[in-house]
Amino acid sequence: MTPLKSGTQFSFDLLAGALTGRDAARATGTLHVLGNPGGRIHLRDGGVVCAESPGSPGPDALTGTRGRIGETELHVVAMMATHDAAFTVVAGDVEDCVFTPQTLDTAVAMSAAVDPVRLLQETSRRITSLLALPCPLSPHHDRVAPVHGADLHDLSRLREEILAHATGRRTTRDIAFASGRSVYPVTIEACRMVADGLLTVVPATTVIASPRLPVCEDDDVPLPRSLRHQLLPKLFKQPEKKKP
C-alpha cells in the first residue's frame with residue numbers, strides 16, 4: 001500500500017496556511033490548489049462556498065439520476081462534494097496554493113458559506129480516521145481487486161458496489177466516480193474490506209474481475225462538470241524537467 005503519512009501533513013499544512021492566510025481572509029475569489037489531483041476552493045467574503053477537484057465527484061455526479069431536487073437537499077449535496085474535494089486534495093500531493101480575486105463558475109455552490117477553519121477541521125478528522133485504520137489506502141494510487149473465494153454473503157450495498165467496480169484497474173477514487181459516491185466513504189469502506197479479506201491491493205498492471213458480482217468495464221472517469229472544459233492544462237500540469 002502507498003504510505004500516506006509522509007505527504008498528507010505537508011499537503012494539509014499548505015492548504016491550511018493558504019485558507020487562513022492574509023490573502024484569503026474576508027476575500028472573494030478562488031484558491032487554486034496546485035498538485036495531484038489539485039483543485040479549486042471558491043471563497044465569498046472569506047467563507048468557502050464550493051470546493052472542487054478532478055479527483056472527486058462533483059455535485060452533479062453525486063445527484064446522479066435523482067432529477068430535480070430541492071434547495072435544501074442541493075445545499076447538502078454541495079456540502080458533501082466540498083468536504084469530499086478537500087479530503088481528496090489533501091490525500092494527494094499539494095505543491096502550492098495560489099489565490100486570485102477572480103470568481104469562476106462552479107457546478108453548484110452552497111447556499112451558505114462554510115468557515116474555512118471548520119472545513120479544515122473536518123478534513124483533518126477524515127484524514128486522521130483514514131490513517132487510523134489497520135489498512136489505510138491511498139485513494140489515488142492503491143488499486144484494489146476482490147479476493148477470490150471470499151465470503152460474499154450479507155454484504156451492504158456499498159460493499160457490493162465496491163466489489164462490482166474493483167477490477168484491479170481502479171483506485172478507490174475511480175470506484176467513487178464509477179458508483180456516483182463520495183471518495184471518502186468509498187475509501188474508508190474499501191480499507192475495512194481489505195482488513196476483512198474481501199479486497200486485496202494489486203499492481204496497476206493486474207486485472208482481476210469479481211467472479212460473483214457484475215463488473216463495470218468502462219474505465220472512463222468523468223470530471224466535475226464545471227471543470228471538464230477548463231481544467232488543468234495550465235494550472236495543474238506538471239512542470240517540464242530542464243534538460244541537463
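This is a predicted model: local features need pLDDT of at least 70, side-chain atom pairs count only at pLDDT 80 or more; totals for chains, interfaces and linings use all residues.
Residues are numbered from 1 along each chain as its sequence is written, and side-chain values rest on heavy atoms, with hydrogens and water left out.

The protein comprises 7 helices and 6 strands, where helices (H or I, at least four residues) and strands (E, at least two) are DSSP runs numbered from the N terminus. Read from the N terminus on, these elements follow the order α-β-β-β-α-α-β-α-β-α-α-α-β. Of the 244 residues, 51% count as buried, a class defined by under 20% relative accessible area, with exposed set at over 50% and partly exposed in between (1.4 Å probe, protein chains only). Among contacts (heavy atoms within 4.5 Å) with a separation of 6 or more, 78% are accounted for by residues 24 or more positions apart.

An open sheet is formed by 4 strands in the order β3-β2-β1-β4, with antiparallel pairing; two strands are taken to pair if DSSP finds at least two bridges between them. The edge strands, each pairing on one side only, are β3 (47–52) and β4 (93–100), and the twist averages 20 degrees from one strand to the next. Strand β1 (residues 29–36) runs antiparallel to β4 and is joined to β4 by 7 bridges; Thr30 has Thr100 as its bridge partner in β4. Helix α3 packs on the sheet, where α3 touches β1, β2 (39–44), β3 and β4, and the direction of α3 makes about 65 degrees with that of β3. Axes here are lines fitted to C-alpha atoms, for helices over the stretch in contact, and angles run from 0 to 180 degrees between N-to-C directions.

Helix α3 (residues 71–91) also meets helix α4 (residues 116–131), their axes coming within 9 Å and crossing at roughly 60 degrees. The two helices are therefore oblique to each other, given that angles under 35 degrees count as roughly parallel, over 145 as roughly antiparallel, 65 to 115 as roughly perpendicular and the rest as oblique. On the α3 side the contact involves Thr82, His83, Asp84, Ala86, Phe87, Val90 and Ala91, which meet Leu119, Glu122, Thr123, Arg126, Ile127 and Leu130 of α4. The residues of this contact divide into 7 nonpolar, 3 polar and 3 charged, with Ala, Val, Leu, Ile, Met, Phe, Trp, Tyr, Cys and Pro counted as nonpolar, Asp, Glu, Lys and Arg as charged, and the others, Gly among them, as polar.

Leu74, also found in helix α3, counts as partly exposed at 32% relative accessibility. Leaving aside neighbours within four places in sequence, Leu74 is in contact with Ile69 and Val108. The C-alpha atoms of Leu74 and Pro59 are separated by 8.1 Å, the two residues lying 15 residues apart along the chain. Pro59 belongs to helix α2 (residues 59–63) and is buried, with a relative accessible area of 8%.

Gly180, which follows α6, has a positive phi near 70 degrees.
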